[in-house]
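Load the model and keep a selection tool at hand.

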Amino acid sequence: MLFSKRVVVAIAMALASPALAEEDYTRYVNPLIGTPYKGHVFPGASIPFGMAKPGADTFSEEGHYQGGFNPDIKKVNGFSQMHDDGTGGGGSLGNFPIFPMDGGKTCPGSDLFNCPFSRADRETDYKDFNGTAGYFELTLDSDIKTELTATRRTALHRYTFPDDVEMPVLNIELTDMARTRKRGGLDVDNDKKRVTGEGTFSPSFGLGTYDLYFCADFKGAELKDHALYYNFATGKGDSLNFTDNTQYEIPKPAGVLLEFEEGASKIEARVGVSFMSREQACSNAQDEAKDWDFDQTLKDSQKQWNEYLGRIEVKADNETDLTLFYSSLYRSFLAPQNYTDENPLWDSDEPSYSSFYCIWDTFRTSFPLLAVTAPEAEEEMIRSMLDIYDHDGYLPDCRMTHNKGFTQGGSNGDNALSDAYTKGIGKDTIDWEKAYKAMVKDAEVEPVDWDVEGRGGIESWQKLHYIPYHDFDTQGNGLQTRSGSRTVEYAYNDFCISLVASGLGKEDDCKKYQERSTYWENLWNNETESEGHKGFIQPKFANGTWFDVDPRFCSPALNHTSCYLNPDGGEFYEAASWTYSLLAAHDFDHLIDIIGGPDAVEKRLDTFFHSNFQDVGDEIGWMCMYIAHYAGKPHIVADRMREFIPDVFNATISGLPDNDDSGAMGAFLVFNMIGIYPNAGQDLYLITSPFLPEASIKNPETGKTAKITAKNLSDKNRYIQSAKLDGKDYQKAYLTHSFFTEGSHLELEMGSNPNSKWGTKQLPPSLSKGDFKCSTK
């Protein structure tokens, strides 16, 4: 039980599995978990991988509104059509917000042309809000209630006004969350009760611009009048077109005020969105919400959610654990977003996905979870990545709204592709020879701007076998920081390339990239000491001399927020050398040797955990824990998980330690709650101590159901005593993907003391042990 020490709601069906008692898994979804402070979770309406994501928007000069709605901010300024989930960077999307008001109370003289329209003037307090999968509602202090649901490219709004409403008004502003608009325009058709419009905006964590279009239709009341506004004035007219001068200032307010007939108590809006044109936005709305039935659309959305959520059925002792589990699983299906038929950059018959935001985060848990729960969706995402390679020249590493996003370390699309390939995703539908060429290009051809694709410092990587501090790079341009972390990450990227090379029968290539994957050790300094431990990754000049960095720097214990994508960001990204010195995920066995053996690793992990060097709220801080499995000490992970997971994850709205990062945080929790964890990029899942006594995972492609059961599980009985796989004794502390595709059954016997013998006879594979063969014979 994950939260047995917290207030929980016991349910009568607990022993009969409450999750299996009904097929409405959406009742366990709380999309508000992680919305305050740094979680940046999107709590609005969406279907799985949907493009349209209508939700409420808040704003604060202090930030932390990237997901749109943050309940710590007490004023709402609109309900926009597009959002991302859990991202860092700046405010993302938030396009074309609609804001309802009673003009009789807010517009001086009940004059539409006197109504407040700017974000600062219209924002107001709210009192109630709630949501579930596919639905969000919020009631303003004015007692106007807004409800939202969605199809893939269409947002449905339902506004319920008080009975005494005098002058129902809807304000549509041509803006986005971060106010990046470069130009805009709209047209009003009173007879059709339709507003169409567009804007050009900037991405929140990348380069370039994007055009977005909308088509809004209204029903429930007659449209009485409308007023255009631009800058700080209102005026008459049916059309508005302008270009912003944003070189020195933020864009001015621009949009339309729509006045509906007096006394209208309920007004509905259907808003189609498109990256192609206004016409396609209208077609999207017509095709996807032709009957314009809010309640039926919500039912259809929740049917889709139940189909995805039901792919993992779990037992639990309380409803709180079910809420935490299914809310986490839900967020893993919010991104990437399906932009198929919405790519204005090139014509293609391939699927189109965006909001790969960013693969540095999501390759670690999100992609591996999709391989388990939604392989058909992941197959489309990989094909989309290859389509981007075909037309842009490189695999995406971070991407949003069809724009190139900033790379954070290595070429992490390589890791995502390797993870899919080794698990057989898209075996017959993905062109893996093309995928391999794309990966090799990342490794061999430096782009002009490696801040947004590929890798920098390739010449040094090939000649020096590491990325030096203050690298002399004449092949391309990029931020000359992170030499320590980039070395570690490039090594793992090359290892992932070697796995695909091996599978495709390219033996020489496999050996070449395996050799390059050992380059991380060239930055291992045996003389660097920290907290009684010797040996850490350290930056090095091109001449081979060391550039000493305190191994604690950039950890929560020392200058934690110093190491981002800033010019003085340091030599390790978002974590300290303490973390990166535990991250040779393809060769933990060798890393254990140079640290000093299993007992030395146990001592180092104890210091890492309990000296505040590990950031459990950042994806980079996760895999390093599982070195314990390779040291034959999986009980260390069982203890660590029960130390920090109940402390920083819970089912309240504040239940995340940091950014959800497009569902990566949710995927991390899903894996650990059912008792496995992926070594991403490899066909490997490490067996951990679960938090739930039973999980059944259905593979949608084979139709078979894998099962994990933990007998005698409790907070005290957290240690695996023995295991059986399909009824036979099982001594390995890891599984492969065939466990899921073949529908196997893992039975764990749990106890109150570690069993030092289980999981130690055959340790997980490592490169230096010869476990990854290049030979095709």
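**Before starting**

This is a predicted model, in which local features need pLDDT of at least 70 and side-chain atom pairs count only at pLDDT 80 or more, while totals for chains, interfaces and linings use all residues. Residues are numbered from 1 along each chain as its sequence is written, and side-chain values use heavy atoms, with hydrogens and water left out.

**Stop 1: α9 and α10**

Select residues 375-392, which form helix α9, and then 413-422, which form helix α10. Helices here are DSSP runs (H or I, at least four residues) and strands likewise (E, at least two), numbered from the N terminus. The α9 and α10 axes are 11 Å apart, at an angle of about 140°. Axes are lines fitted to C-alpha atoms, for helices over the stretch in contact, and angles run from 0 to 180 degrees between N-to-C directions. That angle makes α9 oblique to α10; under 35 degrees counts as roughly parallel, over 145 as roughly antiparallel, 65 to 115 as roughly perpendicular and the rest as oblique.

The crossing of α9 past α10 is left-handed, a term used if the near helix is turned anticlockwise from the far one by less than a right angle, with right-handed for clockwise. Show Glu378, Ile382, Met385 and Leu386 on α9, and Gly413, Ala416, Leu417 and Ala420 on α10: these make the contact (heavy atoms within 4.5 Å). Six of the contact residues are nonpolar, one is polar and one is charged. Ala, Val, Leu, Ile, Met, Phe, Trp, Tyr, Cys and Pro count as nonpolar, Asp, Glu, Lys and Arg as charged, and the others, Gly among them, as polar.

**Stop 2: α10 and α11**

On the α10 side, pick Asp414, Leu417, Ser418, Ala420 and Tyr421; they meet Trp432, Ala435, Met439 and Asp442 of α11. This contact has six nonpolar, one polar and two charged residues.

**Stop 3: α11 and α14**

Now select helix α14, residues 507-516. It packs with α11 at an angle of about 40°, the axes being 13 Å apart, so α11 is oblique to α14. From α11, Tyr436, Val440, Ala443 and Glu444 take part in the contact, and from α14, Asp509, Lys512, Tyr513 and Arg516. By class there are four nonpolar, no polar and four charged residues.

**Stop 4: the largest pocket**

Centre the view on Gly88, Gly89, Tyr564, Glu574 and Asn659, which lie nearest the centre of the largest pocket among its 24 lining residues. On a 1 Å grid over the protein atoms alone, a pocket is an open set of points with protein on both sides within 12 Å along at least five of seven lines, a cavity is a set where a 1.4 Å probe fits but cannot get out, and lining residues have an atom within 4 Å of a point. The pocket holds about 500 Å³, a volume being the space filled by probe spheres set on grid points joined across faces, edges and corners. Its lining has six nonpolar, ten polar and eight charged residues.

**Stop 5: the largest cavity**

There are eight cavities of 30 Å³ or more, and the largest has a volume of about 220 Å³. Select Phe363, Arg364, Tyr492, Leu583 and Ala585, the residues nearest its centre out of 18 in the lining. Two elements, α13 (483-503) and β25 (676-678), each give two or more residues to that lining; α13 gives the most, with four. Eleven lining residues are nonpolar, four polar and three charged.
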